Amino acid sequence: MKKFFLHLTLIISLFTISAKAQTKISISDLKCEMLTNPEGIDVLQPRLSWKIKATINDVKQTSYQIIASSSLEKLNEGNGDLWDSGKVESDASVNVIYNGKKLKDRQDVYWNVTVFTNKGEAQSKETAHFSIGISTYADWKSTRWIGYEKMSKGDSISQYSRLSARYLRKEIDLKKKVKSAKVYIMGMGLYELYINGNKIGDQVLAPVPTDYTKNIKYNVFDVTSQLKEGKNALGTILGNGRFFTMRQDYKPYKIKTFGYPKMALQLFVEYTDGSKDVIRTDDTWKITTDGPILSNNEYDGEEYDARKEMKGWNTINFDDKKWLSAEYVQEPGGFYEGQMSANMKIKGEVKPISLTQTPKGTCILDMGQNMVGWLQLKVKGNAGDKITMKFAESLQPDGSLYIANLRDAKTTDIYTLKGEGEEVWEPRFIFHGFRFVEISGFKSKPALENFVGKVVYDDIQTTGTFDSSNPIMNQIFKNAWWGISGNYKGMPIDCPQRNERQPWLGDRTTGAYGESFLFDNQTLYAKWLDDIKNSQTIDGGIPDVAPAFWRYYGDNVTWPGTYITVADMLYQQFGDAKVVEKQYPYMKKWMDYMEENYLVDDIMTKDKYGDWCVPPELLELIRSKDPSRLTDGELISSAFYYQLLNIMKKFAIIANTQNDIKHYDELASRIKKAFNAKYFNKDKNNYANNTVTANLLPLTFGMVPEELKQKVFESLVHEVEVTKNGHVSTGVIGTQFLMRTLTNFGRGDLAFKLASNKTYPSWGYMVENGATTIWELWNGNTADPAMNSQNHVMLLGDLLIWYYENMAGIKSNPETPGFKQIVMKPDFNAGLTYVNASYESIYGTIKSDWKKDKKGLVWNITIPANTSAIVYLPTTNVSSITVNKQKLTQFSASIKTDSNNTAVTLPSGSYVLNVK
Ligand code: RAM
């Protein structure tokens, strides 16, 4: 009797656990190759990922089963005609490689997954879908590139080149009922696509820019619902983007040009009876340059004459007799690739906060935020009235626009009215970086309601939130968010406002890593690494700007080295080993090239930018000339190269080229030796001229002999704390490591001082002086305008990494990349009294919310399902710690203490930790 009872209990409790679990576990996000646009995937073995969400603690995946089908019907029937993985015993829930039937070009794949966990099983609620792109050139061969390779009235090639947008159209007759249809478009530089008058997709400024002589991205859209049996109209508008870049014709040697805008498109239609049709660009398409977009140029702005609108141009039965036949034009030259990263989108709106009349009779509009995008205009008036909008980041003391720092960019949009009641307009092929707009042409004073700011950046998710007890740090975080997002333009650019806007490598060396906490930037940076690879010279050289729209092939370590550090970021933060394998041969080639050409007596002798943009001796300078502020270039390049060798050692294991390790190892120890011999001052325990950067680099990279580390650190601290009175003295190089190294060596309080400073030079000084983004220069409010953008992200250094890893305590364990295990070790004593932060990792949301007062510490944390965390509590008194109101000692067996902390490994779930 007794036995039976026991048995029964067991069954019941088992049953309750699994029944509970069934309702509490779900799979929220299914992802394939981390794509935003799941059409036109460019790999035949995509990686599949899913996130398990659970409201119960301690959920670990034990196995999974993926079903992939060629149609939704088949998938719903459980028929995995492409792939049924069977039940695979594995805890892998991210980057699982598709291993089913060989996928064909343009094939649709529908998939779902069932996960089995220690707490029950769950099936994905959503169905994921992707389609394969076009892998062969043969498929495109009979599709012709078309365009119009001449200038029209009003166009010019000059310092401020002008070119009117191209409008193209084609009517097609579909004889039968459409079952499915996909369109593949390469519209260079920028395109908008319409079918029967409707815009296809919500992307703007598409596609992402590349060096079009190397590779060209096509976009894919499912347009089944847009087409009907009978006549249909296809229409496109082509803008200049980075293709027609004849602007600044005074520097032809520097700025790469590609020619006039052009396009290639193919539309694949399948009818309900199974037959198929392909519509391709050819010379039966019609073209005109005589539309309303008179000029469109990223730097100078867009001009639009609404009187020239061609009503119905993108619908059927439009009279296009006056249009020309499209010309066959040359292919741009690059390979055709499916675009795997996000296009830009209008991601938000900003309402202006004030409108002030100027003595000139114009108005100054204040958006209240330095933003990137454009202004939507609402206006009533007569045909021919002109509204002019000039964009700038700040104002002069007299209230007029400050435009000196834009250099020769005109940043002006002009709208000419058609005079038909209320007219609403916004540009299509340009963007501006601005807070203020000077508006002229209104007959009477406009109202705030006439304008809306459109915030434009890559369509990627914001993944991080951060709030703390320090208002300055919180405002810096917001400014960083605006700066980073605004400079995501299908590639990371340096600034969005002046006549530059280039993807400079050195601005992102460590920045990309900090940014990855705020944005899901995986596909953006994976694409950028391809841009960098494609810009490599035959010898192995990597430029400072990639795509190399500006030709800077000067060779140095710090800017090109970003190629390697960004790959490392993708590995650490997203667990992306595939990107490392892919880029490895080219990274190695560059490392070898630098070694062969510039390593002399084990010192890397080539540097170009030094510690770029240190706070200068005079507030109006851009660059310091004072030798005591500058760090030796060869010291910087040697230390950096040493660090890159260490990353390459790790990569060699991932890429399975282990023979390289020995070489990297030997070279690294030679460089370390030569470096210490050359730069270490034995008598003073510091390096070279004792700048912060000179001491910081060898300390951070592990080049300082063990027994001297503490002494060198003391030299560094003395410089920061005493000589510089608790202020930064570093530029783009040193600032990348400053905050973490101070904290890791036990001076989190000094790092906190730097982060919360309001006096010059500091990030807080920017905030105090009205910055709503991050400046290019520490002295951005006083420096020479020749190089002084108010929206640059490079001086962030490692600040954001420090916010997350050291203040919130959200860090991926380097042993388990991609946050499979999280290290939660906030520095509770640095100076903050609370932090509330979250990060959406590839496994799910990580939260850290702590508060410290006289009564002790309360810390709420969330660890995503299928991960774990090592959690550090700032006490050695284990009995003072509770977890969910239970004594820690009763809660967990995996407790370790060191001289300051108690560490416990916790499985997934939400916990309230208390230290009394
Ligand atoms: C300037 C830009 C950029 C920087 C280069 C070296 O043109 O500000 O950010 O990387 O210089």
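**View 1. Domain 2 and domain 3 of the predicted model have C-alpha centres 28 Å apart.** Domain 2 brings 21 residues to the contact, and domain 3 brings 15 residues. Together the two domains bury about 1,600 Å². Carbon and sulfur atoms give 65% of that area. On the domain 2 side, the residues that lose the most area to domain 3 are Leu205, Glu302 and Tyr304. These three together account for 36% of what the domain 2 side buries. In the domain assignment, domain 2 covers 137-341. Domain 3 is given there as two segments, 347-393 and 416-458.

**View 2. A cis peptide bond links Ala206 to Pro207.** Its omega is about 0 degrees. Pro207 sits in a loop. Strand S15 (203-204) lies on one side of that loop, and strand S16 (215-222) on the other.

**View 3. Asn317 has a positive phi without being a glycine.** The phi value is about 65 degrees. Asn317 belongs to the loop between strand S22 (301-305) and strand S23 (324-325).

**View 4. Helix H5 packs against helix H7, with axes that come within 9 Å.** H5 spans residues 511-518, and H7 spans residues 562-574. Their axes cross at roughly 30 degrees. An angle under 35 degrees counts as roughly parallel, so H5 is roughly parallel to H7. The crossing is right-handed. From H5, the contact uses Ala512, Tyr513, Ser516 and Phe517. From H7, Val566, Met569, Gln573 and Phe574 take part. Six residues of this contact are nonpolar, two are polar and none is charged.

**View 5. Helix H9 and helix H10 have axes that cross at roughly 160 degrees.** H9 covers residues 633-654, and H10 covers residues 659-679. The axes come within 9 Å. The angle is over 145 degrees, so the two helices are roughly antiparallel. H9 passes H10 in a left-handed crossing. On H9, the contact residues are Glu634, Leu635, Ser638, Ala639, Tyr641, Tyr642, Leu645, Asn646, Met648, Lys649, Ala652 and Ile653. H10 answers with Asp660, Ile661, Tyr664, Asp665, Leu667, Ala668, Ile671, Lys672, Phe675, Lys678 and Tyr679. The contact holds 15 nonpolar, two polar and six charged residues.

**View 6. Helix H9 also meets helix H11, with axes that come within 10 Å.** H11 consists of residues 692-701. The axes of H9 and H11 cross at roughly 15 degrees. H9 and H11 are therefore roughly parallel to each other. This crossing is left-handed. H9 contributes Leu635, Ile636, Ala639, Phe640, Tyr642, Gln643 and Asn646. H11 contributes Ala694, Leu697 and Phe701. The class count is eight nonpolar, two polar and no charged residues.

**View 7. A cis peptide bond runs from Tyr760 to Pro761.** Omega is near -10 degrees here. Pro761 lies in the loop between two helices, H14 (748-756) and H15 (763-768).

Definitions and conventions
Residues numbered from 1 in each chain as written. Predicted model: local features only at pLDDT ≥ 70, side-chain atom pairs only at ≥ 80, totals over all residues. Heavy atoms only, no water. Axes fitted to C-alpha atoms, helices over the stretch in contact; angles between N-to-C directions. Helix = DSSP H or I, 4+ residues; strand = E, 2+ residues; numbered from the N terminus. Parallel < 35°, antiparallel > 145°, perpendicular 65-115°, else oblique. Left-handed = near helix turned anticlockwise from the far one by under 90°. Contact = heavy atoms within 4.5 Å. Nonpolar A, V, L, I, M, F, W, Y, C, P; charged D, E, K, R; others polar. Domains from an automatic or database assignment. Buried area = accessible area lost by both parts, 1.4 Å probe.
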